[in-house]
Amino acid sequence: MTQFLIRRFIRHPNNPQDPATRTAYGNLASGVGMACNLLLCLGKLLAGTLFGSIAIMADALNNLSDASSNVVSLIGFRLAAKAPDAEHPYGHARYEYLAGLVVSVTILGIGFSLLKESVVKVFHPTPVAFSWLSVGVLAASILVKLWMSGFNRTIGRTIGSETLMATAADSRNDVLTTGAVLISTVVCSLTGWARLDGIMGVAVAAFILWSGWGLVMDTLSPLLGESPSPELVEHIEQTVMGYPGVLGMHDLMVHDYGPGHQFASLHIEFPAETDPLKAHDVIDNIENDFIKRDGLQVTIHYDPIVTTDAAVGVLRTRLMEKARQLDPCLSIHDLRIVPGDTHTNVLFDLEFPAGYTGNKDEMLAAMCQFVHEQDPKYSCVVKVEQSYASAAHEK
């Protein structure tokens with residue numbers, strides 16, 4: 001069914017990174033979710049009203065809440081698809097992150113509401129109504145929600161959407177909630193132990209709250225400015241290092257303005273003797289290729305590296321090895337040697353990862369001591385930097 005819907009409603013399903021295709025995927029998932037949740041809500045309201053089941057009525061309202069979350073997702077995808085304007089030159093794709101956050105917070109709200117009702121039922125149990133029609137409605141709801149969870153997860157992974165992954169998790173939680181209602185309805189009718197309904201409700205609510213909190217963190221992280229994934233960092237490094245003349249790269253920064261709206265900047269090292277026009281041409285090719293292949297806008301800074309001075313080359317190699325010995329996550333770049341009458345300045349950048357827990361002063365002192373050991377005339381001039389990307393390219 002999932003593939004049928006994709007083929008039926010998505011014009012170019014094999015190009016999920018295209019903004020129009022991404023929006024079409026989001027609209028499809030939201031529309032299907034609204035239709036299924038409204039049908040489930042009406043069915044449960046009918047069964048709950050006919051047989052006086054409070055549990056089923058509550059589950060119907062849960063489906064109505066899910067339908068409202070689908071509306072939020074639909075609005076989020078529509079707003080995210082808006083073109084850049086004068087006030088928002090980087091586009092509006094972060095609306096999708098906001099929609100995912102709203103859905104995640106809604107899941108937390110449902111969890112707290114269910115926890116409150118379940119605790120009350122534990123201390124004040126009430127008889128649970130039983131009918132085969134109610135059982136049939138709840139069983140059908142579980143099957144539908146299982147399919148919806150897989151449907152949203154498939155599309156969410158296809159387009160890399162945290163909003164749809166949160167919706168998939170919400171559908172999975174609904175399976176547990178409805179399953180608890182179904183089990184408690186059957187068991188309570190057989191044993192007469194009405195307190196079981198509340199106990200199972202507390203267990204399900206705890207799981208929903210745990211899941212909801214994780215989803216809140218997942219959707220909030222890109223809004224706060226999380227580091228790029230190691231996979232993206234590795235892809236950028238491998239791509240850059242595949243061009244002729246490139247000796248290395250550093251100072252990578254990736255700015256995320258929403259799915260499909262990422263910008264990156266980095267420094268590329270070329271031999272100092274390279275013709276600047278040729279180096280500029282390579283840089284232009286790299287930037288253009290990233291846009292064509294990945295939709296990633298990259299800005300590159302050119303760093304000339306002295307390769308004809310043997311002393312610089314030897315010292316660079318030794319410093320890089322020393323940094324790795326002190327801590328594998330450390331790196332150095334932009335090494336220069338400036339001779340003087342009384343001493344020789346050795347200048348380089350020492351880069352620490354964000355959130356580094358080691359002693360930076362000790363690392364810096366060890367590096368400077370190592371430089372002095374290479375030549376007593378060497379004087380260390382170090383610029384300490386923070387890395388804004390994962391350490392994948394430093395391995």
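Student: How far apart do the C-alpha centres of domain 1 and domain 3 lie?
Tutor: This is a predicted model, in which local features need pLDDT of at least 70, side-chain atom pairs count only at pLDDT 80 or more, and totals for chains, interfaces and linings use all residues. Residues are numbered from 1 along each chain as its sequence is written, and side-chain values use heavy atoms, with hydrogens and water left out. The bounds, from an automatic or database domain assignment, are 1-224 for domain 1, 236-302 for domain 2 and 309-394 for domain 3. The C-alpha centres of domain 1 and domain 3 are separated by 52 Å.

Student: Which residue in strand 2 does Val-254 stand opposite?
Tutor: Strand 1 and strand 2 (residues 262-271) run antiparallel and are joined by seven bridges. Opposite Val-254 stands Ala-264.

Student: Why do the buried residues of helix 9 line one face?
Tutor: Buried means under 20% relative accessible area and exposed over 50%, with partly exposed in between (1.4 Å probe, protein chains only). Among the buried residues of helix 9 are Ala-279, Ile-283 and Phe-290; on the other side, Leu-277, Lys-278 and Lys-292 are exposed. The buried residues line one face because their directions from the helix axis to the C-beta atoms fall within an arc of 165°.

Technical notes
Pairing = 2+ DSSP bridges. Helix = DSSP H or I, 4+ residues; strand = E, 2+ residues; numbered from the N terminus.
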